[in-house]
Structure formats: structure tokens, C-alpha cells
Amino acid sequence: MVKKTINSYQNSFRGLSPEVWWLALITFINRAGTMVLPFMSLYLTQDLNLTLSQVGWIMTSFGVGSLVGTWIGGKLTDTIGFYKVMVRSLLTTGFLFMALQYLHTFEGFLVGIFLTMLVADMFRPAMFVSLKAYSKPENRTRSLTLIRLAINLGFSFGPLLGGIIIAFIGYSGLFWVDGLTCIAAIFIMKLVLKEKQVKLSSETIEDEAVSQMESVYKDKPFWIFLVVVFLMGFVFLQLFTTMPLYYREIHDLSEVQIGLIMSLNGFLIFLFEMPLIHYIEKKMLDKLKIITWSLVLFALSFLVLNTTMWIGILIIGMLLITVGEMLAFPFTNNFAMNRAPTGKEGRYLALYSMAFSFAHIFSAKTGMEVIDKLGFAANWFLMGGLGLLAVVLMIWLRRSLK
């Protein structure tokens with residue numbers, strides 16, 4: 001049984017190109033350094049003594065920067081190519097992250113986080129398009145899953161390492177590590193990855209020629225899908241904004257303990273996501289139905305927090321949202337990628353990323369205001385309700401596609 005499980009795990013990685021593996025390593029290095037993000041709300045309230053309302057505005061600025069950066073990144077990817085966008089984004093982001101630690105006022109940090117995320121999220125559509133250049137069409141979902149695996153492996157190390165750095169050095173250490181890892185990722189990328197153009201697949205040329213007849217802005221099912229992605233992101237992002245405050249203020253956890261719980265998310269995804277995706281693709285299961293059930297898990301992960309004050313419910317909530325994340329994110333990204341006609345990948349994937357950016361704009365500010373006025377329980381009920389609304393929209397999307 002153990003040998004069969006190991007073989008299944010190995011098989012799920014077979015056939016991926018060396019370039020995709022290098023991309024995964026670069027992503028891991030970069031993601032392991034983004035340890036400042038899970039602790040942002042704690043840093044702003046404890047070290048800078050900002051109010052929850054001010055923290056909400058900074059997170060909104062974070063989202064606006066992400067939105068603008070993703071849009072610019074999509075446009076640049078279609079004009080100068082994904083490789084140049086990725087390199088320039090990583091380099092500039094590294095210096096901007098290091099500079100953030102020197103901003104101590106509300107207004108300064110508001111502008112600083114906007115500029116940092118504007119440049120940082122130019123990287124996202126370029127990374128997605130790079131998978132079309134470096135992987136075969138039949139391997140794209142698994143290639144994307146490997147990239148997500150690298151992200152989550154980095155994220156499993158990041159919060160734990162971040163908690164330790166805070167305990168021994170302080171928050172300034174996070175900004176240095178964050179910036180330096182971005183720059184380190186560039187050196188590796190330049191050494192091992194050659195610039196490559198996205199090639200038109202002969203197998204999809206006919207379908208894509210038809211797809212080009214319709215503008216993305218007239219693609220009604222895709223816009224329903226984008227609303228679902230927005231709601232999914234809106235709910236999910238509470239994990240990095242209001243949830244650390246909940247752990248600290250209601251359950252009195254330390255930064256190291258918070259880091260451990262947050263690391264559980266990345267570690268479980270590292271272990272189970274790739275074999276799970278491989279199994280789903282092998283069995284040819286209905287991917288839109290899987291996304292629908294994943295959103296049910298998203299909703300439950302927040303609603304269970306209101307059932308008891310037992311500390312173990314934090315782990316149960318994290319397990320639910322982790323399984324939901326494993327099922328939702330690879331297939332939503334794959335849906336956007338497959339729906340994009342050749343030459344329009346940057347635009348489609350930018351819109352997909354921008355849906356998350358819009359979620360960044362509204363998620364944290366909404367959560368902070370609800371908590372400030374009504375408490376954490378009201379916020380968890382709100383997030384659960386939005387998750388269930390996304391389920392209804394997914395059912396509508398599936399019917400409209402039929």
C-alpha cells in the first residue's frame with residue numbers, strides 16, 4: 001500500500017519539462033521569502049500602532065496596487081514577453097520590500113505597499129503565460145499544480161521561519177529576507193532558464209481561431225467565472241488578514257504558534273495536492289463540479305469557527321480551507337488558461353488575476369470594519385455566506401456552459 005502510494009506520487013510528476021521544474025524552484029525561493037505577508041496585520045497593529053480601520057485601508061491599497069500591477073503585467077506580457085516582465089518585476093520588488101521597513105507612518109506605508117504590490121504582481125500573468133511556453137498542452141494543469149506546490153512549500157516554510165525571525169530579530173528581518181529572496185530568484189532564473197516564445201499548438205489552432213472571433217469582454221460564462229473567483233479570493237484572503245488577528249486576540253497565540261498553524265496549509269498542499277490533481281485528471285472527473293464542492297469547504301472553514309472556542313477548531317478550519325484550496329485553485333486557473341485564445345493569454349490570465357486583486361481591495365477592509373464594529377463571529381458568518389453565494393454562481397456557470 002505504501003509502495004503504491006509512493007509510485008502514484010512519483011507518476012504525478014512524470015513528463016514535466018525541466019524548465020517547469022526550474023520555474024518551480026525559482027517560485028519556491030521567491031515564495032519562501034514572502035513571509036512578511038501573513039504577519040502584515042500584526043506588524044501594522046503592534047509595531048506601527050495603527051487602528052483596524054487604518055490597517056483595512058493599507059490592505060485596500062495592497063489590493064489596488066495588485067490590481068493595477070496585474071493589468072499592466074498582462075499588457076506587457078503580450079507586448080515584450082513574459083521573461084522580461086518576470087525578471088524586471090522580481091528585481092524591483094526586491095528593493096521595494098527592503099524599503100518598506102523604513103516607512104513608519106500610515107500615509108507612507110499606504111503609498112509604499114501600493115507601489116510594492118504594483119510591481120510585484122506584474123509577475124503573476126507573466127508566470128502563468130510562461131507555462132504555455134515551457135509545458136506541453138496536456139501537462140499544463142500538472143505544471144500549474146507543480147508551481148502551486150512550490151508556492152505552498154515555500155509558504156509552509158515562510159510563516160514558520162517568519163515567526164522565528166520575529167521572535168529573535170524583529171519585523172525588520174522579514175523585510176530584508178523578503179527583498180533578498182526576490183533578487184536571489186533572478187540570478188537562478190538567468191542561469192537556468194532561457195527566454196522562450198509561446199508557440200501555437202497545432203492541436204488547438206482551429207479552436208483558438210474560432211475563439212479569437214469573440215472578445216473576452218463578450219464571453220459571458222467567463223465573466224460569471226470571474227465573479228466566482230472574486231468571491232473565492234474575497235473569502236480566502238481572510239486567512240492572511242483577519243485570521244492572524246483572530247489567533248492573537250481571541251486565542252492568544254504567539255507569532256511562532258501562528259506561523260505553525262499557517263504552515264500547516266502549505267505543508268498539506270505540498271504532500272497531497274499533486275497526487276490529488278493527478279488522480280482527478282486520470283479519472284476525468286467533472287472539474288467544474290469539483291470547484292463547486294471546494295467552495296462549500298471554503299464556507300464551512302469559517303462557519304465552524306463560530307461553533308466552539310475549543311482551540312482544535314482552528315486546526316479543523318485550516319484543514320477545511322486547505323482541502324478547498326487544493327481542489328479550487330489549480331482548476332480555476334486551468335479554466336482561464338484553456339479559455340484564452342492564442343495571443344490573448346495575457347489578457348485572459350490578467351483578468352483572472354485581477355479578480356483576486358479586486359478581492360484584495362475589498363476583503364481586508366470589509367473584514368476589519370466588520371470585526372471593529374460587530375466582532376469576529378459576524379465576520380465569519382459573512383465569509384461563510386459569501387462562500388455559499390459562490391457555490392450558487394458555480395451551479396449557474398455549469399448550466400450556462402451546457
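**View 1. Helix 12 passes helix 17 in a left-handed crossing in this predicted model.** A crossing is called left-handed if the near helix is turned anticlockwise from the far one by less than a right angle, and helices are DSSP runs of H or I with at least four residues, numbered from the N terminus. The axes of helix 12 (residues 242-249) and helix 17 (residues 376-401) come within 12 Å and cross at roughly 145°, where axes are lines fitted to C-alpha atoms over the stretch in contact and angles run from 0 to 180 degrees between N-to-C directions. On the helix 12 side T242, M243, L245, Y246 and E249 take part, and they meet F376, N379 and W380 of helix 17, contact meaning heavy atoms within 4.5 Å. By class, the residues of this contact divide into five nonpolar, two polar and one charged; Ala, Val, Leu, Ile, Met, Phe, Trp, Tyr, Cys and Pro count as nonpolar, Asp, Glu, Lys and Arg as charged, and the others, Gly among them, as polar.

**View 2. F225 in the largest nonpolar core.** Such a core is a set of buried Ala, Val, Leu, Ile, Met, Phe, Trp, Tyr and Cys residues joined through side-chain atoms within 4.5 Å, buried meaning under 20% relative accessible area, exposed over 50% and partly exposed in between, with a 1.4 Å probe and protein chains only. Of its 123 residues, L44, F109, F225 and Y247 touch the most other members, and the largest share of this core, 12 residues, comes from helix 16 (residues 345-374). Leaving aside neighbours within four places in sequence, F225 is in contact with T332, F335, A336, Y352 and L397.

**View 3. K365 in helix 16.** K365 counts as buried because its relative accessibility is 13%. Not counting residues up to four places away in sequence, K365 touches S53, G56, W57 and T60.

**View 4. Residues 200-213, where pLDDT stays under 50.** The pLDDT is the predictor's confidence in each residue, from 0 to 100, and for this stretch the model has 12 contacts beyond four places in sequence. Confidence in the protein is lowest in helix 10 (residues 205-211), at a mean of 39, and highest in helix 17, at 92. Where pLDDT is low, the predicted coordinates should not be read in detail.

**Notes to the views.** Local features need pLDDT of at least 70 and side-chain atom pairs count only at pLDDT 80 or more, whereas totals for chains, interfaces and linings use all residues. Residues are numbered from 1 along each chain as its sequence is written, and side-chain values use heavy atoms, with hydrogens and water left out.

Conventions: Helix = DSSP H or I, 4+ residues; strand = E, 2+ residues; numbered from the N terminus.
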